[in-house]
Amino acid sequence: MADASHVVATSNSRSSGVLISILSTVAFTFIAYLTIGLSLAVLPGFVHSNLGYGAMLAGLAISMQYVATLLSRPHAGRMADAKGPKRTVMAGLAMCAVSGALLALGALCSRWPGLSLGLIFIARLALGCAESCVGTGAIAWGMGQVGHQHTARVISWNGVATYGALAAGAPLGVVIQQHFGFAAIGIVSLLLPLAALPLARLKRATTVEHGERSPFRTVATRVVPYGIGLALGSIGFGCIATFITLFYASHGWDNAALTLTVFGGVFVGVRFVLARTINRFGGYRVAMASLTVEAIGLITLCLASHAWIAITGAAIAGLGFSLVFPALGVEAVHRVPPNSRGSALGVYSVFMDVAMAVTGPLGGWIASGMGYNAIYGFAAVAAMLSIVLTLVLHAQAARDVPSLVAARADS
């Protein structure tokens with residue numbers, strides 16, 4: 001009995017140590033996305049009301065960050081492979097600080113609208129590059145800290161840090177602006193990553209995998225199908241985030257914000273409770289089950305005739321979508337050698353950005369012809385297509401196991 005108790009205690013201690021290592025790494029993701037969230041709700045209003053520009057330029061100020069993120073993801077992945085994830089995260093935090101300084105400077109130059117807007121655009125580009133470096137680097141750093149057998153947990157907790165920081169940052173930014181002005185957003189966005197940089201410097205670096213790296217084209221070829229599955233599954237999330245307010249307004253319903261809160265709460269809750277199911281059942285099975293649940297939620301939204309049905313549909317969709325990214329991501333990084341996994345994560349994450357970028361115009365086009373309910377019907381079809389693709393990838397992976405084992409042995 002004593003031996004059994006010792007084994008259980010040792011196992012619990014190891015599990016706690018793994019969790020602490022993961023949390024101490026994804027904390028840098030939280031800091032980066034908190035700086036992103038701070039300006040998310042207040043920047044368009046500053047560009048429109050204070051600088052006097054139209055809605056298009058106000059929206060472009062936000063979109064500049066996503067363009068930079070989309071273009072810099074692959075480079076961030078290669079940097080994590082070649083120079084190490086610690087240096088990649090630290091570079092991202094430094095760019096976060098630069099972005100905050102430029103944002104504060106832009107706010108102080110508001111009497112010259114053109115100069116102010118230019119500084120804000122440069123700040124947003126720097127923030128987009130920072131997002132790529134910190135987001136990709138933190139996952140690779142966490143995997144190196146706790147081992148690739150915990151990849152699913154690292155990706156899941158990184159997602160919790162991402163969405164939790166955005167959820168906290170937006171209202172915090174509103175409060176800061178109301179009490180101290182828009183320039184204070186930039187100052188706080190400068191100080192947060194500067195405070196995190198010494199902590200990142202003190203944290204143990206992981207060993208950079210040596211040996212000949214797979215050509216980027218080879219890595220991309222192996223990862224792109226999984227990215228397409230992620231993009232198809234992410235369209236539903238994009239439609240809920242972008243159109244739920246207009247969807248509610250078209251029906252004359254109140255509390256659209258509550259629907260977003262429910263979706264986000266369920267999403268984060270599932271990441272907390274069910275992240276380990278990916279290691280237990282495998283990424284493919286969890287992805288297919290998750291996409292099925294997401295499709296059911298989106299169909300419920302499509303057919304909703306009352307607000308409570310819409311909220312229920314959003315909750316079901318959040319339940320399903322929560323594990324799609326880590327489940328497919330685990331299988332994607334397993335398709336490449338260890339010294340190319342940073343690049344694989346960079347390529348894979350791009351497809352989330354692509355899905356969010358195309359959802360707005362595509363969903364708007366569908367709504368203009370068929371109404372807002374139809375958007376969620378098309379998103380459900382996209383999730384079903386992702387199920388089919390995941391099934392094909394699962395079958396292909398089963399056939400490729402012997403060759404992958406041999407390739408890893410050679411590397």
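**Exercise 1.** In which helix does Ala357 lie, and is Ala357 buried, partly exposed or exposed?

*Solution.* The model is predicted: local features need pLDDT of at least 70, side-chain atom pairs count only at pLDDT 80 or more, and totals for chains, interfaces and linings use all residues. Residues are numbered from 1 along each chain as its sequence is written, and side-chain values use heavy atoms, with hydrogens and water left out.

Step 1: Ala357 belongs to helix α14 (residues 341-370); helices are DSSP runs (H or I, at least four residues) numbered from the N terminus.
Step 2: Ala357 counts as partly exposed because its relative accessibility is 49%; buried means under 20% relative accessible area, exposed over 50%, and partly exposed in between (1.4 Å probe, protein chains only).

**Exercise 2.** Describe the largest nonpolar core and the contacts of Phe247.

*Solution.* Step 1: A nonpolar core is a set of buried Ala, Val, Leu, Ile, Met, Phe, Trp, Tyr and Cys residues joined through side-chain atoms within 4.5 Å.
Step 1: The largest has 74 residues, and Phe247 is one of those with the most contacts inside it. Helix α8 (residues 216-251) gives the most to this core, with 15 residues.
Step 2: Leaving aside neighbours within four places in sequence, the contacts of Phe247 include Trp253, Leu301 and Tyr376.

Notes. Helix = DSSP H or I, 4+ residues; strand = E, 2+ residues; numbered from the N terminus. Contact = heavy atoms within 4.5 Å.
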